[in-house]
Amino acid sequence: MGMRYLQGMHLDYAISAGKTVEQFLGAFERDGDQAIRYLTIRKQGERFWLHNHEVYDEGSEDYLDLYAFEYLEMPEDRFEPFPTEFNTMEDALRYASAEFGADSRRWVNKGVVQDEYSDFIRSRNQAL
């Protein structure tokens, strides 16, 4: 899997140190629109916040900034989805896996989710 992914103690350290970790979960369709989903987990104080990001798939091989994509549903006064909060990092990771199918071996540092999205775009374009 290479060095892109944070696993075991590297994942634990990143989250415990207050870094945001992310996981790209792929595409889905909502009301006829193409969308993509990615998760973020970060520590806020003594709690762990999981955000489920569902955005329109506005990207191409030349435009990979999924942080700038429009959310499917977002109140006007928010800039990110409401978090699901957990007391432990393990609980957040377990929930991500159970609720969204997150793979414990595919978490990445903040920003690297765009590389995952780039790989997704490339493979999708090759399939056409």
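1. Arg42 counts as buried, because its relative accessibility is 17%, where buried means under 20% relative accessible area, exposed means over 50%, and partly exposed lies in between, using a 1.4 Å probe and protein chains only. Arg42 forms a salt bridge with Glu80, their closest N and O atoms being 2.8 Å apart; a salt bridge is a side-chain nitrogen of Lys or Arg within 4 Å of a carboxyl oxygen of Asp or Glu. Glu80 is buried as well, with a relative accessible area of 11%. The pair links distant parts of the chain, since Arg42 belongs to strand S2 and Glu80 to the loop between S3 and S4, 38 residues apart.

2. A word on the basis of this note: this is a predicted model, in which local features need pLDDT of at least 70 and side-chain atom pairs count only at pLDDT 80 or more, while totals for chains, interfaces and linings use all residues. Residues are numbered from 1 along each chain as its sequence is written, and side-chain values use heavy atoms, with hydrogens and water left out.

3. The sheet is open and has five strands in the order S4-S3-S2-S1-S5, with antiparallel pairing; helices (H or I, at least four residues) and strands (E, at least two) are DSSP runs numbered from the N terminus, and two strands pair if DSSP finds at least two bridges between them. The edge strands are S4 and S5 (108-109), each of which pairs on one side only. Helix H2 (residues 89-100) packs on the sheet and touches S1, S2, S3 and S4, while its direction makes about 30° with that of S3; contact means heavy atoms within 4.5 Å, and axes are lines fitted to C-alpha atoms, for helices over the stretch in contact, with angles from 0 to 180 degrees between N-to-C directions. Helix H3 lies across S1, S2 and S5, running at about 40° to S1.

4. Within the sheet, S1 (residues 21-30) and S2 (residues 33-44) pair in the antiparallel sense over nine bridges, and Glu22 stands opposite Thr40 in S2. Their hairpin has two residues between the strands, and there Asp31 takes a positive phi near 50°. S2 and S3 are joined in the antiparallel sense over 10 bridges, with Asn52 in S3 as the bridge partner of Leu39.

5. The structure holds eight aromatic pairs, and rings of Phe, Tyr and Trp (its six-membered ring) pair if their centres lie within 6.5 Å, planes under 30 degrees apart counting as stacked, over 60 as edge-to-face and the rest as tilted. Phe69 and Tyr117 form an edge-to-face pair, 5.6 Å centre to centre with 75° between the planes, and both residues are buried. Ring pairs link Phe24, Tyr63, Phe69, Tyr117 and Phe120 into a cluster.
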